[in-house]
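Here's a quick briefing on a ligand site and the metal next on the list. Have a look at the structure first, then at the notes below.

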Amino acid sequence: MAIAREADPVGSLSEVKDAGLDREDLLGIYRNLLITRGVEERGHILYKQGKIPGSFYTGRGNEAAAVGIGTAMGPEDVGAPLHRDMGVHIVRGMEPWRVFANYMGRADGPTKGRDGNVHMADIRLGLISMVSHLPAMLPVAVGCALAFRIRDERRVALGWFGEGASARGDTHEAMNFAGTRRLPVVFICDNNQWAYSTPTHLEYAVEHIADRAQAYGFEGVVVDGTDVLAVYREAKRAIEKAREGGGPTLIECLTLRMEGHAVHDDAFYVPRELFEEWAKRDPIERFREWLRDNVSLTDGEEEEIAADVKHLLAEAMRRAEESPLPDTSTLLDGVYADPADLHAPHH
Ligand SMILES: Cc1ncc(C[n+]2csc(CCOP(=O)(O)OP(=O)(O)O)c2C)c(N)n1
Ligand SMILES: [Mg+2]
């Protein structure tokens, strides 16, 4: 039996209004979902054209989980999203052309060509670039939360990890530290049911990763990661609870990784029936249906949003291609902290 709370799906419009979203917000969420998927689909094209060095990672199937959480964050909150969480970058205002530039190792990507991939974020948007997608970023998020506590700031930190990453020690250390001090941090587990080719029954022996939260002294919630509004509602609750001094929450977003671990992996080990089953719950299709049923999304509106996103991404691809490769003489810029930075006290 589950220990964590299993969140209900979002049904009615009134529930959504109570959560603070109006029609315009809802259409904005839909747009962000389309941009998120569109960026990654175009990334595939760039990869096939040989323009992306190394491999290429996407979060197909995880768009609603990422967009839902990103939408619930406050403007001053910070987070360290992973390679499955493009939607968080998009919601926080990362321009798609800069993502494409990063994919191609160009100078205008957030890493300025230092990383030709998804280890990227723009700190000005409150996002911290990931080191690896194993849970190295959880202690970082907890450190941010500790800093907010010390500085007496009403801000919340979010840390993401995969369900496979939950098996590593830094997950335990981060959660235990955050629990004992009741820090303003929300842990997000992107449970996409696979850690590369390892299935969940070989990753953990509890029913849900979120069941572990109780042992750390805080609440665990499992939510359907294909239901963008349910994810939003649970994230909003957890974030505002943390802001009010109520301590951490662990939110587990359940999805299926709809592609291989990365583009070099054809996911031959995932049963086809599983893909077929989860394809029926495609997060974008699901939300489109919800919008049609609950806020009378019209064909015209749908086409307008789709055309707008298509145009945005076409422009973004063009602009990214114009971005130069970094000048090799700048190779060490931004790699090490500047002595001036070190003289600026952090609090
Ligand atoms: C310490 C370490 N070991 C192994 C890897 C290689 N690796 C990267 S991601 C990954 C699987 C992660 O699975 P999960 O945490 O479920 O995240 P997902 O990729 O499914 O989103 C592995 C084995 C790594 N980056 N770092
Ligand atoms: Mg996984």
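An oxygen atom of ligand 1 sits 2.8 Å from a polar backbone atom of Ala165, a polar contact in the sense of two N or O atoms within 3.5 Å. Keep in mind that this is a predicted model, where local features need pLDDT of at least 70, side-chain atom pairs need 80 or more, and totals for chains, interfaces and linings use all residues. Residues count from 1 along each chain as written, chains are lettered from A and ligands numbered from 1 in written order, and side-chain values use heavy atoms, without hydrogens and water.

**Ligand 1**
- A polar side-chain atom of Glu163 is 3.1 Å from an oxygen atom of ligand 1.
- For the side chain of Asn192, an N or O atom lies 2.9 Å from a ligand 1 oxygen.
- On its own ligand 1 exposes 580 Å², and the protein buries 68% of that (Shrake-Rupley, 1.4 Å probe).
- Around ligand 1 there are 15 residues, of which Arg84, His133, Gly164, Ala165 and Trp194 come nearest (a heavy atom within 4 Å).

**Magnesium ion (ligand 2)**
- Which protein atoms are the donors of the magnesium ion (ligand 2)? They are Glu163 (OE), Glu163 (OE), Asn192 (OD1) and Trp194 (O), 2.1 to 2.7 Å away; donors are N, O and S atoms within 2.8 Å of the metal (3.2 Å for Na, K and Ca), and water isn't among the atoms, so sites may look incomplete.
- Along the chain, the donors of the magnesium ion (ligand 2) are spaced E-x28-N-x1-W.

Methods
Polar contact = N/O pair within 3.5 Å; in protein donor to acceptor, adjacent residues only side chain to side chain.
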